[in-house]
Amino acid sequence: MTNQSGSPGGGGTRINIRGISSLNDQGINDGSPLFVVDGVPLSKVSAESTGGINALAGLDPSTIESVEVLKDAASASLYGSRSGNGVVLITTKKGKSGKAEFGLNFSQSISFLPSTPLQMRGHGERRVHNILAQHQRIGHNDYTTNRYILPRRYGESYGWEPTLDGAYDYFWGNGNVLTKDNQPPASAQDSLNTFYNNDTNWWKYIFQVGRVTSGDFYASGGNDNVRYLVSTGLYDERGIQINSGFKRLSFLSNLDLRLTPKVNAFTRLNLAYNKQQAISGTNIQGLDVDPKETPTVYPGRGSIAEQLTLQKIRDVRARNGMFNARLSVGIDYSPIAGLKFATSASGDAYFSNNHVFRPSYLNSNNLSSVEASRSMVAMIQWENILSYRFNLRDRHNFDLMAGMTTTYDLMENIKGKAAGGPTNKIYEIGDGWPQGRNVEGRDEYLQRVTTDRQEQIMLSYLGRVAYNFDKRYMLEASLRYDGSSVFGRDVRWAAFPSLGAAWAFSKEQFMKDFWFLSFGKIRASWGKSGQKFQEAYLAHGLMEESNSFLGQPGLQPSAMANSHLTWEKSDQYDLGLDLDLFNYRFKVKVDYYYKHSYDLLMQVPTPGNFFISKTTWTNASAISNEGLELDLSADLMRRKDFSWNLRFNIARNWNRFLASYDGKDLGDKVLGRPIYGIYTYKDEGLVQDESAIPYYYDQTGLRVPLSFGSLAYPLRVGGRKIKDQNGDGYINSEDIYYAGSALPKAYGGITNTFTYKRLALNVLLTYTIDQRMMNMVKNGAFLFNKKFGVVMNDFSRATFWQNPGDKTEYPSLEFADDGYTGQFDGDIDTNIERVSYLRLKQLSLSYSLPETWTKRLRMKDVRIYFAGENLLLLTNYSGLDPEIVDPATGKDTGRMYPLNRKLTLGLNLKF
């Protein structure tokens, strides 16, 4: 689990259980596990439907009793076709028999940006831009000789076109007055103007001190026949980026009833309303404004520069709201001892509304605009389970189970957008908004509405047989048979079996002499799981509007039907060892797994040129995950007034892309390599003499040097030689290569829990070992891209090639122009860092008041605590935070919403 975005309420947490088992295609399989809350499988809700709000954001953490992760296929097999990416079971708190208990929890937090990145600001920024501009060198195409001429002095470029026709010094403009679009900003030249003589750190303007207010109240109690828990909570967070935040109002009710000695019933109700301030509305949310783009020489507080910089955040009116209702009711009947029939019905529904207004001055067409959507995602499930537990001679224990489940899923949404509101103060679409306009004789529609509705149903039969002999030898077999409407008639049913066995060898007579061994067990399992795609009609074909014919609108296929599309499947093998040592003070758990995921969906090109659609979906790819997991737990100290518990875990995963539709590499995925990789250019070092420059012959027979994009950007002495992977004489996007996996070698966590009398200290550390990534922000800081923004590196400490034999970080400054690929943009393999980090993720210190004090206050318990998140980061990474670097690319672009540092003071009351 990694946090790739710190956006409040957003879905920035990426969870992968035992590796990446899908191609992460939206609408097909996003790779996320199945979440089950109190037996209710949560609906798959896309970020597009919720505006970026996490589907789990409506669940109050204070109401969670336990979280269990089903990793191996045998334990998750009863979830069959939905367990291909793993299963996470979340159980909320229930009422207990006894006197009624009331609780009040309140906390107040502040959060802030831990640090700002390295920058050259003020005069240093202007100086760097001027140096880079003055060293601009671009070749000129001499049409008389059909050769490119690289100017060596001002006079050689005199008279050429001011742009796109060679250059010697950007300011010189080949002796012409630069056009308005190409003129450098005044901030780069007018150093005498006090308006451009500032040292502004824009990170301090875009970010603020955030705060979190959280409170909840609960009542719990009951007797042997009725047990209840009712909870309500409020959460209000102001994010560290201005105009970002999240609010949640939640309600939970759990009721358990004993109607007769043989009949029990329950109800589970969870209601939540979430409201988020965020403009992007994506699954992993980034920054709404990039502070790297505004020059630091501009003035800050109260200036027009601040107003223009922040208006993209302050003046955009964005709201995302989501109401979630989750209900389950059930009853069970036990006619005889061990035999039980249980039936339950459950529903999970999300109602979302997303609305974004942009004023006219933030749109390229100079019209105000509104984009809005309303969506509903609902799941209804009916489940019937018959189970029978019995034993023979108190040694042979059997557990039999059979059941049937029906699941119905519905998704509806309506989207609308309009432009051209009467003023920038009208945020809602009204009747007065124009339907369209005429621009230079061309009609342009200014309003558009689309709707969508998708339904699917799944019927499942499941069964399990479990046997153990004296709790020593254990066998288990299960089978789930699923049928889904999303597939074609001939392939919509699939079976998902599993087998498991375990041997508690510590119960054997020959182990009695091993006095230090309290318990030992060996586990082995195999199971098949599956995954259905999320698009309801993908296999049946989709239609879309096309051009009109004879005045009537037409239709054409947008996705070709494929009745043979079937389930994505996974075979998983597990082998594990559990050890409890020294009277259960030390626990060791070791697991090895191998998971083969196949029949994964991918788009393949259609043959010939007679199909309307150029691609079609098919089951063609495969991915494997192999790994080791180690979990250690130790009660290092067990005394009356002091205890110390240590838990350590580490995991290693080997991920491989095994198959594609044609047996060849698939775009950014290389066969035999991890699914996530870094694609960049091969750096072959700085050119120290002419003989190291590769030459080619063009179609006219001219001998030309290796060039970057075009012959106007030739390689020469002092430049960086990039490997020409396809041998065409030009360095471009065709020459990037797979430079290594972006996945870490190992990762894990360390938890220490200390208690001393009424004090408790909990410390959670997380770590990652040897993960490749590229700091594009720092390494591309000296690229001359004509934006004249913030310089994100220390120019004074950098070294640049000047003379043959120089060993420097960068090529000659003549290669700083962004036309020279791989020179100053940082996109080369020698900039790959092998990063490890250790993070103090959470720290909590609490104190419970003595019982004599609480009795005087008429309380059962009073607890005061202080907590901190992301308090410390130890890393060898050159950037700000390695955790938020996207593992899909391994490249840090500096556009992610950063993780905040949070300090919390809280109070728990029970009475």
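Is D290 buried or exposed? I looked it up, and D290 counts as buried, at 8% relative accessibility. For my notes, buried means under 20% relative accessible area, exposed over 50%, and partly exposed in between, with a 1.4 Å probe and protein chains only.

**Ground rules.** I am working with a predicted model, where local features need pLDDT of at least 70, side-chain atom pairs count only at pLDDT 80 or more, and totals for chains, interfaces and linings use all residues. Residues are numbered from 1 along each chain as its sequence is written, and side-chain values use heavy atoms, with hydrogens and water left out.

**Salt bridges.** I stayed with D290 and found its side chain in a salt bridge with K292, at 2.9 Å from N to O. The term asks for a side-chain nitrogen of Lys or Arg within 4 Å of a carboxyl oxygen of Asp or Glu. Side chains of opposite charge can pair when their charged atoms come close. K292 is buried as well, with a relative accessible area of 16%. By this rule I get a count of 46 salt bridges.

Next I checked E306, whose side chain meets that of R314 at 3.8 Å, N to O. E306 is buried at 7% relative accessibility, whereas R314 is partly exposed at 42%.

Then I turned to R839 and D881, a salt bridge of 2.9 Å, N to O. R839 lies in strand β43 (residues 832-848) and D881 in the loop between β44 (861-875) and β45 (891-892), so this pair ties together parts that are 42 residues apart in sequence. Strands here are DSSP runs (E, at least two residues), as helices are (H or I, at least four), numbered from the N terminus. R839 is buried at 5% relative accessible area, and D881 is buried at 7%. I also noted one network, in which salt bridges with shared partners join R18, K71, D574 and E629.

**A three-stranded sheet.** I followed an open sheet of 3 strands in the order β37-β36-β39, with mixed pairing. β37 (710-714) and β39 (730-731) stand at the edges with a single partner strand each, so one side of each has no neighbour in the sheet. Two strands pair if DSSP finds at least two bridges between them. β36 (residues 707-708) pairs with β39 in the parallel sense over 2 bridges, and I see F708 opposite I731 in β39.

**Back to the start of the chain.** Where is S5? I find S5 in the loop between β1 (2-3) and β2 (13-14). S5 counts as buried, at 8% relative accessibility. Its C-alpha atom is separated by 9.8 Å from that of R895, 890 residues apart along the chain.
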